[in-house]
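Please read it alongside the sequence and the structure shown here.

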Amino acid sequence: MKQWYETLFENYAKKYDEEVYTQGTAGECDFIEAELGRDKSLTILDIGCGTGRHTIELAKRGYTVVGIDLSDSQLARAREKAERQGLHIDFKKLDARELPFENEFDAAIMLCEGGFSLMETDEMNFEILKNAANALKDNGKLIFTTLNGLFPLHHSVQKFCAASSLEGESFSGHSFDLMTFREYGAATITDDFGNQKEIISNERYYVPSEITWLLKTLGFKKICIYGARLGAFSRERPLSAEDFEMLVIAEKQDRAAPFYGF
Ligand SMILES: C[S@@+](CC[C@H](N)C(=O)[O-])C[C@H]1O[C@@H](n2cnc3c(N)ncnc32)[C@H](O)[C@@H]1O
């Protein structure tokens, strides 16, 4: 049986590129570039790259980027957009829970819930972080955004979703389970062909201390967490309960170097 995130992203790529939350790509890439010291010799893995908006923008800026995603239709649009712009980008169909990369990339990005936090179990979400860690070279940087558990603790998720629902999309019910920090949502969406689909989503919100602990477990150091602002990622924005998403930046430990703590 298909999971909700497989059904959602099937034939949804055009609509996806029109979503409000996908309009901050250039500013987000400015931040990524600054984090990488604008060193264009670096290689970047875009996990859950979707329609390739960051993959393509970073490739245009001169970086070597590989994009991976689970969805054929998201990847088809990514390839089509890259081709139109004369870019040769390696987009691969891969499951982030089973990545084949070992010490290959200088940086990994996983933005706008590129797999992590969408999986049906916490173990699967952890596998994604583990595979991101494995894909990085020593001292490689992981940059990702994920749902901020402080937000539902302080707000009504239902009100938030109703306020942010988009044209052609209607939310019919939401619940947030405080035992698992999972939000269950029922929504009707219209795909690129005008077909209506019922989606029952199940997304995991993480509190910052969990993220820090998970990343430490995987050997990351210098773990920094900020509020993630659409199109304006910054180290100047401390995370608060007003941020729906958090921005996480962490460095993979150099296994050869002595480690004196976090
Ligand atoms: C919300 S989109 C984010 C796409 C892109 N990172 C962006 O910022 O626009 C989530 C993407 O994650 C992909 N995805 C979900 N689960 C995945 C998994 N296990 N492995 C790889 N990709 C996955 C979906 O197909 C979808 O394209």
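Around the ligand there are 22 residues, of which Tyr-16, Gly-48, Arg-53, Asp-69 and Ala-96 come nearest; a residue is near a molecule if one of its heavy atoms lies within 4 Å of it. The model is predicted, so that local features need pLDDT of at least 70 and side-chain atom pairs count only at pLDDT 80 or more, while totals for chains, interfaces and linings use all residues. Residues are numbered from 1 along each chain as its sequence is written, and side-chain values use heavy atoms, with hydrogens and water left out.

**Ligand site**

- Polar contacts are pairs of N or O atoms within 3.5 Å.
- The side chain of Tyr-16 has an N or O atom 2.6 Å from an oxygen atom of the ligand.
- Gly-48 places a backbone N or O atom 2.7 Å from a nitrogen atom of the ligand.
- Asp-95 has a polar side-chain atom 3.0 Å from a nitrogen atom of the ligand.
- On its own the ligand has 600 Å² of accessible area, and the protein covers 98% of that; accessible areas come from the Shrake-Rupley method with a 1.4 Å probe, and for residues only the protein chains shown count as cover.

**Nonpolar cores**

- In soluble globular proteins, nonpolar side chains tend to be buried together.
- A nonpolar core is a set of buried Ala, Val, Leu, Ile, Met, Phe, Trp, Tyr and Cys residues joined through side-chain atoms within 4.5 Å. Buried means under 20% relative accessible area, exposed over 50%, and partly exposed in between (1.4 Å probe, protein chains only).
- The largest nonpolar core has 42 residues, and Leu-45 and Leu-215 have the most contacts inside it.
- Helix α6 (residues 122-135) gives this core its largest share, five residues. Helices (H or I, at least four residues) and strands (E, at least two) are DSSP runs, numbered from the N terminus.
- Another core, of 27 residues, lies apart from it and includes Cys-29, Leu-58, Ile-143 and Leu-247.
- Which residues does Leu-45 touch, not counting those up to four places away in sequence? Among them are Val-66, Ile-68, Leu-99, Phe-101, Phe-105 and Ala-135, where contact means heavy atoms within 4.5 Å.

**Salt bridges**

- There are 24 salt bridges in the structure, each a side-chain nitrogen of Lys or Arg within 4 Å of a carboxyl oxygen of Asp or Glu.
- Asp-72 and Lys-93 form one of them, at 3.1 Å, N to O. Asp-72 belongs to helix α5 (residues 72-84) and Lys-93 to strand β3 (residues 90-93), 21 residues apart. Lys-93 is partly exposed, with a relative accessible area of 45%.
- Arg-97 and Glu-120 form a salt bridge at 4.0 Å, N to O. Because Arg-97 lies in the loop between β3 and β4 (105-110) and Glu-120 in the loop between β4 and α6, the pair ties together parts 23 residues apart in sequence. Arg-97 is buried at 17% relative accessible area, whereas Glu-120 is partly exposed at 24%.
- Arg-182 and Asp-122 meet at 2.9 Å, N to O. This pair links strand β7 (residues 182-190), which holds Arg-182, to helix α6, which holds Asp-122, 60 residues apart. Arg-182 is buried at 5% relative accessibility, and Asp-122 is partly exposed at 32%.
- Through shared partners, salt bridges join Asp-30, Glu-33, Arg-38, Lys-40, Glu-57, Lys-60 and Arg-61 into one network.

**Met-246**

- Met-246 sits in strand β10 (residues 245-252) and is buried, with a relative accessible area of 0%.
- The C-alpha atoms of Met-246 and Met-179 are separated by 21 Å, and the two residues are 67 residues apart along the chain.

How values were computed:
Polar contact = N/O pair within 3.5 Å; in protein donor to acceptor, adjacent residues only side chain to side chain.
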